[in-house]
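I opened the notebook to look up a few things in one model. Entries follow in the order I checked them.

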Amino acid sequence: MDMRVRFAPSPTGHLHVGNARTALFNWLLARGQGGTFVLRIEDTDLERSTKESEAKILEDLRWMGLEWDEGVDAGGAYGPYRQTERFDIYREHTARLLSSGHAYLCFCSAETLEAERKAQLAAGQPPRYAGTCRALDPAESARRHAAGEPAVVRLRVPANREVTFHDLVRGEVRFHTDQIGDPVLVRSDGIAAYNYAVVIDDQLMAITHVIRGEDHISNTPRQVLVYEAFGWTPPAFAHLSLVLGPDHAPLSKRHGATSVAEFRAKGYLPEALVNYLALIGWGTGAEELMPAMDIARRFRLEDVSHSAGVFDEDKLSWVNRHYLKTASPARLASESLPFLRDNGLVTAPLSADGHQWLEAVLPGVAASIDRLNQLPERLHSVFHFSAEAVLADSAMKQELLEPEARAVVRALAAVLDTAGPLTDRESFRSAAVQVKERTSAKGKALFHPIRLALTGAAAGPELDILVPAIDRAAALPPDAGLRTVVFCRERAAQVAALLPA
RNA sequence: GGCCCCAUCGUCUAUCGGUUAGGACGGGACCCUUUCAAGGUCCAGAGAGGGGUUCGACUCCCCUUGGGGCUACCA
C-alpha cells in the first residue's frame with residue numbers, strides 16, 4: 001500500500017517552527033518514499049479557529065516549499081479536508097458506536113465533573129472520570145437526550161487492559177487502561193472532540209503513517225481504543241520530539257521569533273529554514289547543507305532523534321549564509337527587494353536598470369550578512385553620504401588634513417572624473433593605481449583611510465565592491481526606482497572642496 | 001500526585017559492545033586581506049550519578065537525578 005501521511009494543523013495562529021518541522025518531516029517522508037502528503041485543517045475549536053490563520057498557515061507552508069498533494073485548496077478523493085465540513089461523517093460514526101455499546105451518553109454537568117476532579121485531587125487520587133453514566137440504560141439515555149437534556153458521548157474504555165502501539169521512532173509504547181478515564185468523543189455542543197475526529201479522519205483518509213509531535217503520545221492510547229471500537233487497524237505512529245528554546249523550555253514567544261512568518265520577515269531564505277529544521281533531530285553525521293529533496297532521499301524515521309532539540313538561531317544563520325552565498329543574483333535581487341523597499345531604499349517600481357544594478361551589487365554584499373534584513377544597514381553607505389559628516393569625525397578629519405592626504409583626495413577626484421564609470425573591482429583598482437602614481441609614498445599610505453572616508457564605512461561590504469557600486473549607481477537613469485545614490489567621484493570632489501587649500 | 005517520553009562537547013549530532021568518542025554551529029588562536037566579512041589552518045570542549053550484565057560498556061538492564069509531555073466538553 002502506498003504511504004499516505006498528513007499534516008493537520010489547527011488554524012489558531014501562525015505556523016510555529018515546531019509545527020513547521022512536523023510538517024517538514026511528513027513531507028520528507030512522502031517525497032522520499034513516493035507517498036502522498038495530505039493537508040487537513042483541524043478547526044473543531046470554533047472559538048479559536050480563524051480563516052485568517054488557516055490562510056497564513058497555507059501561505060507559510062507554500063513559502064517553505066512543502067507542497068501538499070491532497071487536502072485543503074488542493075482537493076482529493078478523501079475530502080472534505082476541513083473538520084468543520086465533516087460533521088455529518090462524525091455523526092454517522094457516533095451512531096454506530098452508540099448502538100454497538102462502545103460509547104455512551106453522559107449527562108454529568110461540567111460543575112459536577114469539576115467538583116469530582118477537585119475531590120479526587122484532594123484525596124491524592126488521579127483525576128479521572130468516575131464513570132457515573134456508564135451504566136445508564138441506552139434507551140433511557142436516548143430519551144433524555146431527545147428531550148433536550150445536554151449530554152456528551154464518551155468512549156467506554158475497557159477495564160484492566162494494556163494498550164500498546166508501535167512507535168516508529170521510539171519502539172513499543174504501552175499504557176494501562178486503568179490510567180485512562182472514559183474520554184469525551186463528542187462534546188455537548190455536538191462537535192467531535194480532537195481524539196475522536198483525528199481517528200475517523202485518519203482512517204477515512206487512508207493515512208498509513210501518523211507523524212506528529214511528542215505531545216500527542218499520551219493521546220495515542222485513547223485513539224487506539226477508538227480504532228478498536230470501530231474494528232479498524234491503527235496506522236503506524238511516529239512521535240517527534242519537541243523543539244526547545246535555549247533554556248530548554250518549549251520554544252515560545254519569550255525566546256524571540258517562533259513562527260515561520262517571523263523568520264521569513266527577518267530575511268531567512270526558505271531553503272535555509274527548511275534545511276536547518278531538518279537538522280534538529282535528524283542528521284547524516286557529516287554533511288549538513290543540502291537541498292530538501294536530497295534530505296528526503298536520505299530521510300528515515302528510524303534515524304530521527306528521540307530527544308528534544310534546542311533551536312539554535314546561530315546555526316540557522318550559518319545555514320542561511322550558505323544559501324545567501326549560493327543564490328543567483330536574480331534570486332537575491334527579488335528576495336532583497338521587500339527589505340529595501342521597507343527602508344525606502346527602493347521606491348517602486350524598479351526599472352530594468354535598477355534591477356541590473358542590484359544584481360551586480362548584491363552577491364558581494366550578501367556574502368557578508370546573516371539575513372536579508374541586515375541589508376539596508378549594510379548598504380547604508382551606498383545610499384547616504386555627507387562630506388560634512390565625514391569631516392565631523394575628528395580622527396577622519398585629521399587624516400584628511402594631512403597635506404599629502406589633500407593631494408590624494410584631489411588626485412582621486414581628478415582621476416575619477418576622467419576614468420569613466422567604475423563598474424567592477426578591476427576598474428576601481430586601475431583608478432586606484434592611477435591615483436597612487438600621482439602621489440607620494442606617504443600619500444599612498446593614506447589612500448586606504450581616504451577610501452574609508454569616501455565610502456562612509458569602516459565596516460561594510462568589501463570596498464572594491466562598494467566603491468564601484470556607488471559609482472555605477474550614479475549612472476542609473478532617474479526612473480531606476482532606486483533612491484538617490486551619490487557618485488563616488490562626487491564624494492571625492494565634495495570632500496576636496498571642503499578641505500582648506 | 002499518577003502515567004508516558006527523553007538523557008554524548010554550550011548547541012545540533014556520529015557511534016548501533018572493543019574508536020586517541022568523529023563532524024557541524026558557536027568560542028579562541030593564527031594565516032590571508034592596505035577595511036568589515038568571507039575563506040583556510042589549528043586549539044579548547046562531552047558520555048548526569050549509582051548499580052548490574054559482559055573478557056570488555058557511551059552503547060544492554062535496573063535505580064536515582066534532571067528535563068519534557070499528558071492527565072480538558074483545546075488541539
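**Entry 1: the chain overall**

What share of the contacts in chain A with a separation of 6 or more comes from residues 24 or more positions apart? I find 77%. I note that this is a predicted model.

I counted elements next. Chain A holds 22 helices and 12 strands. I then looked at its spread. The radius of gyration is 32 Å, whereas the globule rule gives 23 Å for 501 residues, so chain A is more spread out than a compact globule. I also took the extent of the C-alpha trace along its principal axes, and wrote down about 105 × 45 × 40 Å. For burial, I have 39% of the 501 residues as buried.

**Entry 2: strand S1**

I went to strand S1, residues 4-7. Which of its faces are covered? Both are. Arg-4 and Arg-6 are buried on one side, and Val-5 and Phe-7 are buried on the other. I looked for the partner and found strand S2, residues 36-39. The two strands run parallel and share 4 bridges. Within this pair, I see Phe-7 opposite Leu-39 of S2.

**Entry 3: a sheet of three**

I traced an open sheet next. Its 3 strands come in the order S4-S5-S8, and the pairing is antiparallel. The edges are S4 (103-106) and S8 (184-186), each of which pairs on one side only. From one strand to the next I get an average twist of 45°. S5 covers residues 152-155 and pairs with S8 over 2 bridges. There I find Arg-154 facing Val-184 of S8. A reminder to myself: strands of a sheet pair through backbone hydrogen bonds, parallel or antiparallel.

**Entry 4: Thr-164**

I picked Thr-164, which sits in strand S6 (residues 162-167). Is Thr-164 buried or exposed? I call Thr-164 exposed, because 11 other C-beta atoms lie within 10 Å and the cut-off for exposed is 12 or fewer. Leaving aside neighbours within four places in sequence, I list Glu-172, Val-173 and Arg-174 as its contacts. I also checked Pro-221. Pro-221 and Thr-164 are 57 residues apart in sequence, yet their C-alpha atoms are 7.2 Å apart.

**Entry 5: Arg-222**

I moved on to Arg-222 in helix H7 (residues 220-230). Arg-222 counts as buried because 23 other C-beta atoms lie within 10 Å, and the cut-off is 20 or more. Beyond four places in sequence, Arg-222 is in contact with Ile-180, Pro-183 and Asn-195. I ran one separation too: Arg-222 and Ala-249 are 27 residues apart along the chain, and their C-alpha atoms are 27 Å apart.

**Entry 6: helix H20**

I finished on helix H20, residues 441-455. Does its length agree or disagree with expectation? At 1.5 Å a residue, its 15 residues should span 21 Å, and the end C-alpha atoms are 23 Å apart, so I take that as agreement. I did find a kink of about 35° at Phe-447, shortly before the proline Pro-449.

Which residues of H20 are buried? I list Gly-443, Leu-446, Ile-450, Arg-451, Ala-453, Leu-454 and Thr-455. I then asked what covers them. The cover includes H15 (380-383), H16 (387-392), H17 (394-401) and H18 (403-419). H21 (463-474) and H22 (488-498) are also among the covering helices.

Key. Residues are numbered from 1 along each chain as its sequence is written. Chains are lettered from A and ligands numbered from 1 in the order in which they are written. This is a predicted model: local features need pLDDT of at least 70, side-chain atom pairs count only at pLDDT 80 or more; totals for chains, interfaces and linings use all residues. Two strands pair if DSSP finds at least two bridges between them. Axes are lines fitted to C-alpha atoms, for helices over the stretch in contact, and angles run from 0 to 180 degrees between N-to-C directions. Two residues are in contact if their C-beta atoms, placed from the backbone, lie within 7 Å. The expected span of a helix is 1.5 Å times one less than its number of residues. The bend at a residue is the angle between axes fitted to the seven residues ending there and the seven starting there. The radius of gyration is taken over C-alpha atoms; the globule rule is 2.2 Å times the number of residues to the power 0.38.
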